[in-house]
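Visitor: I'd like to walk through this model with you, one question at a time. Where shall we begin?

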Amino acid sequence: EERLTEYMRAYGARQTIGLLLDSQENVLASMRHDAPQQVMRLANAVNRLREYVVDSSLVPLLRNAVQSSAPQPAATFYLFTETVHIDEQSVAYSRWKMGILLVGSEHPFNNAHTLLDALCYHLRLPYTLKRSASPALIPGRQMDIYYGEDEKTAIGQFGEVHPEVLTNWELFYPASFIELDLDTITKLIQL
């Protein structure tokens, strides 16, 4: 975590907070979500429009991205805990992750791939890419990231954010996205 944070700051990235207060309906519609069962909703008894919605790291990054009138940072990132599931005893199980959003670049997919390659190089982490299918990202311009060459251990995803998603969040610049599973990466690096 510290190595990644230092590297991202040296890269010129701004760290942001991953809190997202929004309605579940808005998040599902804005993200072109095809799997609503994967979105966790924590109800707000005071205001239904300000529920705490847990999805991938892309949603809070888009919500906290620069406003159209503000200067664009090269990248925005944040570290977060993603709740994977809650068992019958109401115990939450989570993963430690890092989300990165690159806004305003001319070649978003290539820039995300270049940054991913640099991060994995500095972590001495071999990886393989395989096409993925997230409706929030442009088809053909998104990849799942696997450790090594066997495509058995997923360590993240990256891709170019779909223009409809950007418009839904009132961002009018091309953007790319990287998400890394820090729990899995930490275990692999310690091997």
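Guide: With a term we will need: two residues are in contact when heavy atoms lie within 4.5 Å. The model is predicted, so local features need pLDDT of at least 70 and side-chain atom pairs pLDDT 80 or more, while totals for chains, interfaces and linings use all residues. Numbering starts from 1 along each chain as its sequence is written, and side-chain values use heavy atoms, without hydrogens or water.

Visitor: Which residues does Thr128 touch, neighbours up to four places away in sequence not counted?

Guide: Thr128 belongs to strand β6, residues 127-131 (strands are DSSP runs of E, at least two residues, helices runs of H or I, at least four, numbered from the N terminus). Its relative accessible area is 16%, so it is buried (buried is under 20%, exposed over 50%, partly exposed in between, with a 1.4 Å probe and protein chains only). Beyond those sequence neighbours, the residues it touches are Asp144, Ile145, Tyr146, Gly148, Glu149 and Glu151.

Visitor: Stepping back, what share of the contacts with a separation of 6 or more joins residues 24 or more positions apart?

Guide: The protein chain holds 6 helices and 9 strands. Of its 191 residues, 46% are buried. Among contacts with a separation of 6 or more, the share from residues 24 or more positions apart is 59%.

Visitor: Which element gives the most to the largest nonpolar core?

Guide: That core has 27 residues, and those with the most contacts inside it are Met8, Met98, Ile100, Leu116, Phe158, Ile178 and Leu180 (a nonpolar core joins buried Ala, Val, Leu, Ile, Met, Phe, Trp, Tyr and Cys through side-chain atoms within 4.5 Å). At least two residues of this core come from each of α1 (2-10), β4 (76-86), β5 (92-103), α4 (108-122), β7 (137-147), β8 (154-161), β9 (175-181) and α6 (182-190). With 6 residues, the element that gives the most is α4.

Visitor: How many residues does the other core have?

Guide: The other core lies apart from the largest one. Its members include Leu101, Ala136, Leu171 and Phe177. The count of its residues is 11.

Visitor: How far apart in space are Phe77 and Leu101, C-alpha to C-alpha?

Guide: Phe77 sits in strand β4 and is buried, because its relative accessible area is 0%. In sequence, 24 residues separate Phe77 from Leu101. In space, their C-alpha distance is 6.2 Å.

Visitor: Glu160 has a charged-looking name, so to speak; is it buried or exposed?

Guide: Glu160 is found in strand β8. Outside the four places on either side in sequence, it is in contact with Pro108, Phe109, Leu137, Ile138, Arg141, Ala175 and Ser176. Its relative accessibility is 11%, so Glu160 counts as buried.

Visitor: What is phi of Arg124 near?

Guide: Most residues other than glycine have a negative phi. Arg124 sits in the loop between α4 and β6 and is exposed, because its relative accessible area is 70%. This residue is not a glycine, yet its phi is positive, near 55°.

Visitor: And what is the phi of Glu170, about?

Guide: Glu170 is in the loop between α5 (163-168) and β9. With a relative accessible area of 59%, it is therefore exposed. Although Glu170 is not a glycine, its phi is positive, at about 60°.
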